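I opened the notebook to look up a few computed values for one chain. The entries follow the order in which I checked them.

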Amino acid sequence: MKNSLFTYTLRIADDSLILGQRLSEWCGHGPIIEEDIALTNIALDLIGQATSLLEYAAQVEGKGRNADDLAFLRFENQYFNTQLVEQKNGDFAVTMVRQWIFDTFRLPFYEALQHSADKQLAAIAEKSLKETKYHWKHSSEWIIRMGDGTEESAKRVNDALQLLWKFSDELFFMDDVDRELMSQGIAIDLESLRPAFNERIQFVLQQATLQLPDSKWKLNGGRVGRHTEHFGHLLAEMQYMQRAYPNMEW
Amino acid sequence: MKEHNLADLEAAFNEKLKQDIRIEPKDWMPDAYRKTLIRQISQHAHSEIVGMLPEGNWITRAPNLRRKAVLLAKVQDEAGHGQYLYSAMETLGASREESIDDMHTGKAKYSSIFNYPTLTWADMGAVGWLVDGAAIMNQVPLCRTSYGPYARAMVRICKEESFHQRQGYEIMCTLMKGSEEQKAMAQDALNRFWWPALMMFGPSDADSTHTQQSIDWKIKRHTNDELRQMFVDATVPQAELIGLTIPDKDLKWNEERGHYDFGEINWDEFWQVVSGNGPCNAERIATRLKAKEDGMWVREAAMAHAEKKKAKKAS
Amino acid sequence: MAGKDWPLWEVFIRSKVGLNHKHVGSIHAADAEMAVENARDVYTRRSEGISIWVVESSQIFASDPADSDALFEPANTKIYRHPTFYEVPDGVGHM
């Protein structure tokens, strides 16, 4: 149970951490100052969520590691984020589609998790839900603007959807970790979130005059530590200081 | 509406300055005053925006979660401050976009300090401590500048920036309490940023073309050299307190003046960097230009969508 | 329109329950919804607000400073509009 709760918490934490890391690459490079600030706000929310979740994971593990050890000193296959969130930023359309798919999942997920039997996870979910509502509004509006904007933006957002949709199913990945915790009312039955997820996806796509890709092909692996090639580079950058100068205070 | 002749208007404007009454956007002001303000405020705004890049360089490599969040928030503040300043500039009838284009072509300047590279994590400490420290020295008097929107933007900025310098100094303190490698890293960062930080106050008063007029107009409240001296006097004890050595062999306390004497700035370097030959000038501009060009289709899409929505509403 | 900056919006923030919205500055945005969000991100990063108004800058019509004598000076002589104009006996207390 302890092991499962540790893994379960890491999965949530790593999604926030890695997406926060990706978004923070935008800082100083946004398409307009106002949006630069908005992207950084979302990154900050996600880093904040990751910090709370990793602190809790460290506590659950009880081996004397802290949140920073978990964030910066695991090996590639010990991170359990979905492959979706580690995908490279690409253009603004790729960043926003990645964000939007993720937010659309996170919204019903946190809604459910705030009623978890695990009080700590429930409290983190309750706080994060407020942030996620705003993220979803922001990313959804952009999907609509791009889809129903210019010819170029419609093409770009459609390309991004083609590129990323195959990673969306992994958000619903479940294994024994989930099933064990579900029986105790801690974990969420992710299958139960699908209707809310699909409904929100369609609601936005319709206004954006966009359609999902035809292909039903889905990828996964991140939840069990198998990642895409981009991920090692992301970690090399993120872990640089802790790897180059071990055991120091910063 | 009353008819006014130019002499009356100018007299009324000068009277306001004399009485420290703020000039507001729709008030009459001499063209040269308006131009000087647009130049100074836009330069200040560009500095905030370009200033995001050297620190942004380390966000993805910040050594722990706390530092990562702090650095993100700080760099984001700089974007916010750029935004407050552009907003003040736009009250003078200038366009933000044109002004940014002027920066990209080199016609408009930004603070030269951001043309120096950030090479190690300690540079995040040095930049926060020295660069923000120098900026605050410059900015606090600007809270009383004569143009209302500029003064109000500066009040906001100064309030928010007080954390910037502290977080930088905190990074330096942590490093100086750490390993030998960390101490060396901190000292190296100070060695590289000390002189460029002093250059942030601009040319010496003897060589400054704009200072006197700006002081008469109460846009500026102190000369470059006065501010530089204040900065040196404030910063030297902070360095000594944590065991850092200021890289200036001529630096010593002058009992008679009640100030530190310090060595001669390398003005050659200053003018070279100002005119585009610093280590990162080309790269900074190229990065900002790329952000603008890559963002073009995004801005157009949002406008196109807004217009479609408006048309739908109207029909 | 091509490549042009988004329109300018003036931002008004209510900082606390019970206070008026107050002008704080401006931002650029393509539409009103975006203007509110951008204003939120730019002007309320430190919990400075609980409510935001935005209005396109071009929609604001302002009084002309040259008219300020005619607009505002006449009120200065109407001191009978202020309570201090009236004398009441000392013993009456707060009125």
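I looked up the surface first: chain C exposes about 6300 Å², by the Shrake-Rupley method with a 1.4 Å probe. Carbon and sulfur atoms supply 57% of that area. I then checked burial, and 29% of the 95 residues of chain C count as buried (under 20% relative accessible area, 1.4 Å probe, protein chains only).

I noted the basis of the values: this is a predicted model, where local features need pLDDT of at least 70, side-chain atom pairs count only at pLDDT 80 or more, and totals for chains, interfaces and linings use all residues. Residues are numbered from 1 along each chain, chains are lettered from A and ligands numbered from 1 as written, and side-chain values use heavy atoms without hydrogens and water.

I read the elements next: chain C has 2 helices and 3 strands (DSSP runs, H or I of at least four residues and E of at least two, numbered from the N terminus). Their order along the sequence is β-β-α-β-α. The radius of gyration of chain C, over C-alpha atoms, is 21 Å, well over the 12 Å of the globule rule for 95 residues, so chain C is more spread out than a compact globule. The rule is 2.2 Å times the number of residues to the power 0.38. I also have the C-alpha trace of chain C spanning about 70 × 35 × 15 Å along its principal axes.

The complex has an ipTM of 0.97 and a pTM of 0.94 from the predictor.

Key:
Buried means under 20% relative accessible area, exposed over 50%, partly exposed in between (1.4 Å probe, protein chains only).
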